[in-house]
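Take a look at the structure first, then follow the notes below it.

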Amino acid sequence: TAVVEASSAAPVAVNLTAVAVSSLALSSDWQGTASTAVGASFTAAATLAQQLENEGDAAGVYAWAQFSDGTSRAVPATELAVTASTSGLDLTAGTATAPWIIAIAAGAGRECGELVTATWRVCGRTGAE
């Protein structure tokens with residue numbers, strides 16, 4: 001049995017989640033070869049990290065929007081506005097093929113907390129923050 005709901009109301013963005021990722025590690029328990037892949041099962045995992053400790057350490061900013069209908073989608077870097085609340089971080093704007101980059105600035109002191117804000121801008125309007 002399936003329940004289908006229809007609505008004339010367009011879904012709206014209700015939340016924007018942005019994360020800064022400095023590294024990605026992939027792991028798998030796959031033991032086969034490409035020729036034995038059909039019908040085989042295995043587990044894969046990705047581990048993201050954010051480790052910014054020294055001058056020049058950098059991380060990419062990735063964001064996704066959640067909508068009122070329960071769906072979500074990635075937000076392209078070209079639609080994000082990223083700001084830092086400290087001069088201890090350098091920002092490089094994202095492009096169609098690369099994320100925004102945050103990096104520890106030269107001479108920056110140690111800081112902790114939510115130091116970066118991302119805002120989704122669509123056609124010059126704020127979609128979500």
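Phe67 is found in strand β4, where strands (E, at least two residues) and helices (H or I, at least four) are DSSP runs numbered from the N terminus. This is a predicted model, in which local features need pLDDT of at least 70, side-chain atom pairs count only at pLDDT 80 or more, and totals for chains, interfaces and linings use all residues. Residues are numbered from 1 along each chain as its sequence is written, and side-chain values use heavy atoms, with hydrogens and water left out.

**Around Phe67**

- Setting aside neighbours within four places in sequence, Phe67 is in contact with Pro11, Val12, Ala13, Val14, Ser72, Arg73 and Trp120, contact being heavy atoms within 4.5 Å.
- From C-alpha to C-alpha, Phe67 and Ala10 are 9.7 Å apart in space, and they are 57 residues apart in sequence.

**The aromatic pair**

- Searching the whole structure turns up 1 aromatic pair (ring centres of Phe, Tyr or Trp, the latter by its six-membered ring, within 6.5 Å; planes under 30 degrees apart are stacked, over 60 edge-to-face, the rest tilted).
- The pair is edge-to-face because the rings of Phe67 and Trp120 have their planes at 80°, with centres 6.1 Å apart.
- Phe67 belongs to β4 (residues 58-67) and Trp120 to β9 (residues 116-122), so the pair ties together parts 53 residues apart in sequence.
- Trp120 also counts as buried, at 5% relative accessibility.

**The chain as a whole**

- There are 10 strands and 0 helices in the chain.
- Of its 129 residues, 22% count as buried.
- Among contacts between residues at least 6 apart in sequence, 60% join residues at least 24 apart.
- The chain exposes about 9000 Å², 53% of it supplied by carbon and sulfur atoms (Shrake-Rupley method, 1.4 Å probe; for residues, only the protein chains shown count as cover).

**The largest pocket**

- Lining the largest pocket are 28 residues, with Gln50, Leu52, Leu89, Gly113 and Leu115 nearest its centre (on a 1 Å grid over the protein atoms alone, a pocket is an open set of points where a 1.4 Å probe fits, with protein on both sides within 12 Å along at least five of seven lines; lining residues have an atom within 4 Å of a point).
- Elements giving two or more residues to this lining are β1 (13-21), β8 (100-104) and β9.
- The largest share, 5 residues, comes from β1.

Conventions:
Buried < 20%, exposed > 50% of the residue type's maximum accessible area, 1.4 Å probe, protein only.
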